[in-house]
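I opened this notebook to record, one item at a time, what I looked up in the structure shown here.

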Amino acid sequence: MDMRLSAARRTHPTFRLTLRLGALGLLLWLVAALAVAFAGLATQPIAPADLALVLGNTVGPGNRPLPRLRIRLEAALALYRRGGCRMLMVSGGVEDDGRDEAAGMKQWLVEHGVPAEAIVEDRHGDNTRASARNARAWLDAHGQRSVVVVSQYFHLPRARLAIRQEGLVDAGGDYTQRLFVWDVYSSMREVLGYLAYGARLA
């Protein structure tokens with residue numbers, strides 16, 4: 001009896017419709033994730049910018065950048081060396097245990113030859129929106145407008161959207177070519193993030 005009831009449910013039009021809608025939703029989400037990833041991969045600096053906004057990520061003991069953050073810093077360093085920006089803003093949060101993303105980022109850049117006076121520390125960049133607002137505040141104070149964003153490729157579309165929403169000049173974005181397995185998950189998550197930013201829900 002139970003088996004017959006279960007089979008009946010699986011063949012019920014409402015059940016079949018639910019499955020189809022679920023499959024369609026998943027397909028659309030995958031397509032959107034691919035669009036985000038390809039948009040990020042196609043991003044490049046448009047012109048020399050007043051400021052490169054380097055978005056933070058996890059640091060370990062002693063504020064040493066972990067791999068995902070380190071490749072952002074490598075991209076920022078290359079951008080600065082080739083004259084793609086006048087100043088660098090390293091933007092990140094401070095963890096409960098005292099680990100400081102911005103301090104670690106600045107330390108790494110200085111160790112690799114960037115003058116300390118060319119780096120602005122933003123210790124209140126707890127998320128992409130906050131980082132964009134803090135970049136705007138610094139640029140406003142210095143009479144400047146253009147920003148190039150440095151992050152992972154899949155993060156660039158949302159970060160550039162945040163820059164434009166702050167009324168700044170979007171000078172493109174930069175990233176390194178190194179890829180990670182978890183980029184697949186991150187690209188899918190960015191779909192929701194981009195929609196939330198576009199609707200001003202975050």
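**Entry 1: the annotated span**

I began with residues 50–169, whose end C-alpha atoms lie 10 Å apart, and I noted that the span is 42% helix and 19% strand. Helices (H or I, at least four residues) and strands (E, at least two) are DSSP runs, numbered from the N terminus. UniProt lists these residues, in an unreviewed entry, as "domain: DUF218"; its positions are given in the numbering used here, feature names are shortened, and annotations may be inferred rather than shown by experiment.

I wrote down that this is a predicted model, in which local features need pLDDT of at least 70 and side-chain atom pairs count only at pLDDT 80 or more, while totals for chains, interfaces and linings use all residues. Residues are numbered from 1 along each chain as its sequence is written, and side-chain values use heavy atoms, with hydrogens and water left out.

**Entry 2: helix α4**

I asked which residues of helix α4 (residues 101–111) are buried, meaning under 20% relative accessible area with a 1.4 Å probe and protein chains only (exposed is over 50%, partly exposed in between). They are Glu101, Ala102, Gly104, Met105, Trp108 and Leu109. They lie on the same side of α4, because they cover an arc of only 165 degrees around the axis, taken from the directions from the helix axis to the C-beta atoms. Among what covers them I found β1 (49–55), α3 (67–81), β2 (85–91) and β3 (119–122), where contact means heavy atoms within 4.5 Å. Just after α4, Gly113 takes a positive phi of about 100 degrees.

**Entry 3: two aspartates**

Asp100 sits in the loop between β2 and α4 and is buried, with a relative accessible area of 6%. At the start of α4, a side-chain oxygen of Asp100 comes to within 3.2 Å of the backbone nitrogen of Ala102. Leaving aside neighbours within four places in sequence, I found Asp100 in contact with Val59, Asn63, Gly93, Val94 and Arg123.

I then turned to Asp170, which is found in strand β5 (residues 169–174) and counts as buried at 16% relative accessibility. The side chains of Asp170 and Arg160 are joined by a polar contact of 2.9 Å, that is, a pair of N or O atoms within 3.5 Å, of which, within protein, one must be able to donate a hydrogen and the other to accept it, and residues adjacent in sequence count only if both atoms are side-chain atoms. Not counting residues up to four places away in sequence, Asp170 touches Ile46, Val147, Arg160, Ile163 and Arg164.
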